[in-house]
Amino acid sequence: MTALRQLGGTQQRLLRQLLMASEGATVESLCEQLRISHNAVRQHLSALIARDVVERAQSRPSGGRPVACYRLTEAGRALFPRNYGILATALLSQLQDRLGDAGMEQMLRELGHSLGSQEVAPAADTPAEEVVQALAQNLDALGYEAVAARHGEEYQVEAFNCVFHALAQQHPQVCKFDLAYMEAATGRRVHHMECIVRGGHVCRFRLGALLLDEAKTKR
């Protein structure tokens with residue numbers, strides 16, 4: 001059940017009216033649209049403001065005393081479902097048809113590398129534990145619910161939320177995006193030790209050698 005559906009029916013309809021009112025809505029307009037009393041609208045608005053999903057907007061001139069307006073907050077807009085997964089799956093399917101598996105994998109690697117390169121990679125002499133901690137924080141900020149966890153004598157990154165879970169089930173190449181992002185963000189080789197999509201309890205990543213050092217050994 002979405003967070004929106006956990007609210008009462010009238011509050012859901014009120015929020016939908018605010019979603020369509022780009023410049024905000026007045027109590028009067030909400031009364032007309034919802035067909036409920038002024039007091040009822042104000043009570044619902046107070047409850048939704050307390051939840052931080054509605055806020056006061058700029059008052060609207062009325063020829064006399066300005067009229068209060070209300071609008072959705074970012075948290076309020078986030079209540080409405082956004083089916084990115086459906087669109088992303090359709091896009092990847094089209095790319096796979098046009099580019100083939102290898103071509104799509106290469107594109108995902110390039111995208112991950114591009115985004116990861118926007119992060120400031122740790123210096124070469126940064127202790128491995130600090131590198132893992134920083135990477136876990138970056139991934140956590142992206143929604144991976146990631147932590148640095150000790151495994152034997154080293155720290156590895158564990159991610160409890162696969163943000164691409166539905167996509168990765170149909171297109172395993174999506175995991176290449178994660179690896180490319182992490183390698184670009186850290187400047188180190190990243191090994192995928194465990195994967196939720198492949199039956200693991202977490203997505204677990206181990207950091208390896210510096211990519212520059214690895215490149216030198218291949219010459």
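**Figure 1. D52 in the loop between α3 and β2.** In this predicted model, D52 is placed in the loop that runs between α3 and β2 (54-60). The phi of D52 is near 65°, which is a positive value in a residue other than glycine. Most residues other than glycine have a negative phi. D52 is partly exposed, and its relative accessible area is 48%.

**Figure 2. E145 in the loop between α6 and β4.** The loop shown here lies between α6 (128-141) and β4 (146-151), and E145 is found in it. Although E145 is not a glycine, its phi is positive, at about 50°. With a relative accessible area of 48%, E145 is partly exposed.

**Figure 3. Helix α2 and the elements around its buried residues.** Helix α2 comprises residues 27-34, and within it V27, S29, L30, C31 and L34 are buried. An α-helix has 3.6 residues a turn, so residues three or four places apart point the same way. The partners against which the buried residues of α2 pack are α1, β1 (25-26), α3 (38-50) and β3 (67-72). Just after α2 comes R35, for which phi takes a positive value of about 60°.

Figure 4. Q12 has its place in helix α1, which covers residues 9-20. Its relative accessibility is 12%, and Q12 counts as buried because the cut-off for that class is under 20%. A polar atom of the Q12 side chain lies 2.9 Å from the backbone oxygen of L7. When neighbours within four places in sequence are left aside, the residues in contact with Q12 are L4, R5 and L7.

**Figure 5. The lining of the largest pocket.** The largest pocket in the model has a volume of about 440 Å³. Its lining is made up of 15 residues, and those that lie nearest the centre of the pocket are Y84, A88, L92, F164 and L167. Two elements, α5 (84-116) and α7 (165-170), are the ones that give two or more residues to this lining. The largest share, 9 residues, comes from α5. By residue class, the lining of the largest pocket divides into 14 nonpolar residues and 1 polar residue, with no charged residue.

Figure 6. G116 lies in helix α5, and with a relative accessible area of 0% it is buried. Not counting residues up to four places away in sequence, G116 touches Y181, A184 and A185. G116 and E183 are 67 residues apart in sequence, whereas their C-alpha atoms are 7.4 Å apart in space.

**Figure 7. The salt bridge between E183 and R189.** A search of the whole structure finds 5 salt bridges, and the one shown in this view joins E183 to R189, with the closest N and O atoms 2.9 Å apart. The two partners fall into separate accessibility classes: E183 is buried, with a relative accessible area of 12%, while R189 is partly exposed, with a relative accessible area of 25%.

**Figure 8. The salt bridge between E154 and R206.** E154 and R206 form a salt bridge in which the closest N and O atoms are 2.8 Å apart. E154 belongs to strand β5 (residues 154-159) and R206 to strand β7 (residues 203-210), so the pair ties together parts that are 52 residues apart in sequence. E154 is partly exposed, with a relative accessible area of 25%, and R206 is also partly exposed, with a relative accessible area of 29%.

**Figure 9. The salt bridge between E194 and R204.** In this view E194 forms a salt bridge with R204, and the closest N and O atoms of the pair are 3.3 Å apart. The pair links distant parts of the chain, with E194 in strand β6 (residues 188-194) and R204 in strand β7, 10 residues apart. Both E194 and R204 are buried.

Key
Residues numbered from 1 in each chain as written. Predicted model: local features only at pLDDT ≥ 70, side-chain atom pairs only at ≥ 80, totals over all residues. Heavy atoms only, no water. 1 Å grid on protein atoms, 1.4 Å probe; cavity = no way out; pocket = protein on both sides within 12 Å on 5 of 7 lines; lining within 4 Å. Points joined across faces, edges and corners; volume = space filled by probe spheres on them. Helix = DSSP H or I, 4+ residues; strand = E, 2+ residues; numbered from the N terminus. Nonpolar A, V, L, I, M, F, W, Y, C, P; charged D, E, K, R; others polar. Salt bridge = Lys/Arg side-chain N within 4 Å of Asp/Glu carboxyl O. Buried < 20%, exposed > 50% of the residue type's maximum accessible area, 1.4 Å probe, protein only. Polar contact = N/O pair within 3.5 Å; in protein donor to acceptor, adjacent residues only side chain to side chain. Contact = heavy atoms within 4.5 Å.
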